[in-house]
Every structure is written in structure tokens, then in C-alpha cells.
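This report describes the architecture of one protein model. Please consult the sequence and the coordinates alongside the text.

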Amino acid sequence: MDLLHKYEIDSRNFDEDADDVHLTSSTPLQPIEFQKTQDFPENFSTPTLVLGLGTGASVFIHSHFPKKKPLAFLSEKTNHKRSPKLSSTEFNVNDESCIIYRVDDSDLILVVCHYIVTADRSFEWSKILFDHLNPNRVIVLSTMSASEFKGQNFQRYSPPLLRKIVTDKVKTYDDSICPYLETLNLVDKAPAAVITHCQIFGIPGEMYLSLEEPRGLEVETLVAFEPCLKRFLSSPPAKVSYSRLLNSLKPKKHIQLYL
């Protein structure tokens, strides 16, 4: 059998009738939009761009920067749920959105992406982001699954645990923050697309990955991010009660009684 021919058939959607098989092409992906607010400056540039990618990193960013103003958001037209109200800074862990903020009384720009950008859209997502933002330096926060992490001697690791990846253009670095990510591990999707863009285009880029248990987000995963705050904050960060924060984000249970 021709393997290439078989792949072409299997990679499409089809409806099988009694007489024949009707092949139909997959629905094309809609473009990703970068939508600006009235507060988005005309000549936009930022010394430092901090990205919180995924639920764990976005929760951490929100907890340490409560005072911020939305400037824009990245929207996938195929999912209207990923188009939040830009006038709101309320955090909803179930809100599938990617919002760009400016921190009050600061030139720090935050990109907070609550949902996981799929692998097939990550390159496009990253390209559109950097087409509109011109950072001198990039810091990425994200998480990695404890079930997939490969450490020394293949031991089982648990949070808190933090690892880093830096691009060639990072000249000065504090090695006390955390070790480098072990070479057996792979980074994919939006975090990989962003740090690859930084490496290719000569932007100093740093990525911090906090270990997360498969059962869900826990306090230890958020605590592990704290040492990297000194990479973009001049003053010590305020203390945050992560346990109280996570409890407030849990969906309320509704109990129905049948009499």
C-alpha cells in the first residue's frame, strides 16, 4: 500500500455512506487578531516584557501585579470565549484569554495567557505578539508537568522546583535563582515559540519553568516562581497568600436536594 496515499486519506474528515466515502477538507484556522484598547500607545516599546503562559504562571502574575491596565489582547476568532472585556482586570481561572497589561506607575508590560496555545498555532501567536510589541528583554514564566520531568538519575520530583533556559544574549545572570533545565526535557507550544523568537532575533530572553503536579495547581508551584521576581522587580515583592488565592479560584459547588 502507498503509505503517503494512506496518510492523505486518514488526515481528513470523512463521512461513510453505504455506497461510497465522501472526503471533506478540515475547517481552515482563522487568523489570530491583536486588538488594541484606547490606552495602547502609538510608539510602543518596553524595556522588559514578562509573559505568564498557562494557568499557573498567569495566577502568579496576577497575584503580584493587582494594579495594571489592559492595553490589548490576542484573540482567536474561532473562539469568542477568548475575547474578554478589556475594561476588566478581574481574574477568572476559567477565562480562556490572552491579555496585554501595563503595570501602573511602571514601564513593565505583562502578557497573561490563561489558556494553552496549541502547538499548531504557537508560531503564529508568537509572531503576531512580537509584531506589535518591541521589547528589549523578555522573561517567560510557565509550568511543566511533574509526570514528564526528567531529572538526574530519573528520580521522581515534586514541587517546588524551578528550572531556567536563557538565550545567548543574556549577558549577566544570577545563577543562584535556579539550575538550568536538564537536557532530556523538551519545551513546546507558546513558551518554546517565544524563547526561540528571542534566540533568533537576538533579544535577551529568560524562561522559568515551575514543576506542576498532574492533579492540578498547588501552592508549591506558585512559591517556586518567587526567586525569579528579582529579575524584573527593583524592590522586594509583597507577600501573597497563595492558599487563599487558590481557594478563591475554585469553582463553588452547588448541592441540589431532591425531596
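Contact here means heavy atoms within 4.5 Å.

## Basis of the description

The model is predicted, so local features require pLDDT of at least 70 and side-chain atom pairs count only at pLDDT 80 or more, while totals for chains, interfaces and linings use all residues. Numbering starts from 1 along each chain as its sequence is written, and side-chain values use heavy atoms, with hydrogens and water left out.

Helices (H or I, at least four residues) and strands (E, at least two) are DSSP runs, numbered from the N terminus.

Phe225 belongs to the loop between α5 (219–224) and α6 (242–249). Its relative accessible area is 0%, and Phe225 is therefore buried (under 20% relative accessible area, with a 1.4 Å probe and protein chains only). Leaving aside residues up to four places away in sequence, Phe225 touches Gly56, Ala57, Phe60, Leu141, Ser142, Thr143, Leu162, Tyr208 and Ser210. Thr143 lies 82 residues from Phe225 in sequence, with a C-alpha to C-alpha separation of 9.6 Å.

## The sheet

An open sheet of eight strands runs in the order β3-β5-β6-β7-β4-β8-β10-β9, with mixed pairing; two strands pair if DSSP finds at least two bridges between them. Its edge strands, β3 (32–36) and β9 (162–166), each pair on one side only. From one strand to the next, the twist averages 20 degrees. Angles run from 0 to 180 degrees between N-to-C directions, and axes are lines fitted to C-alpha atoms, for helices over the stretch in contact.

Strand β6 (residues 98–103) has five of its six residues buried. Strand β5 (residues 68–76) pairs with β6 in the antiparallel sense over six bridges, and Pro70 stands opposite Tyr101 in β6. Pairing between β6 and strand β7 (residues 109–113) is also antiparallel, over five bridges, with Val112 in β7 as the bridge partner of Ile99. The hairpin of β6 and β7 has five residues between the strands, and Asp105 there takes a positive phi near 55 degrees.

## Helix packing

Helix α2 (residues 55–64) lies across β4 (49–53), β5, β6, β7 and β8 (138–145), at about 130 degrees to β8.

Helix α3 (residues 119–132) packs against helix α4 (residues 189–200) at about 45 degrees, with the axes 8 Å apart. That angle makes α3 oblique to α4 (angles under 35 degrees count as roughly parallel, over 145 as roughly antiparallel, 65 to 115 as roughly perpendicular and the rest as oblique). Residues of α3 in this contact include Phe123 and Trp125, and those of α4 include Ala193 and His197.

Terms used
Buried < 20%, exposed > 50% of the residue type's maximum accessible area, 1.4 Å probe, protein only.
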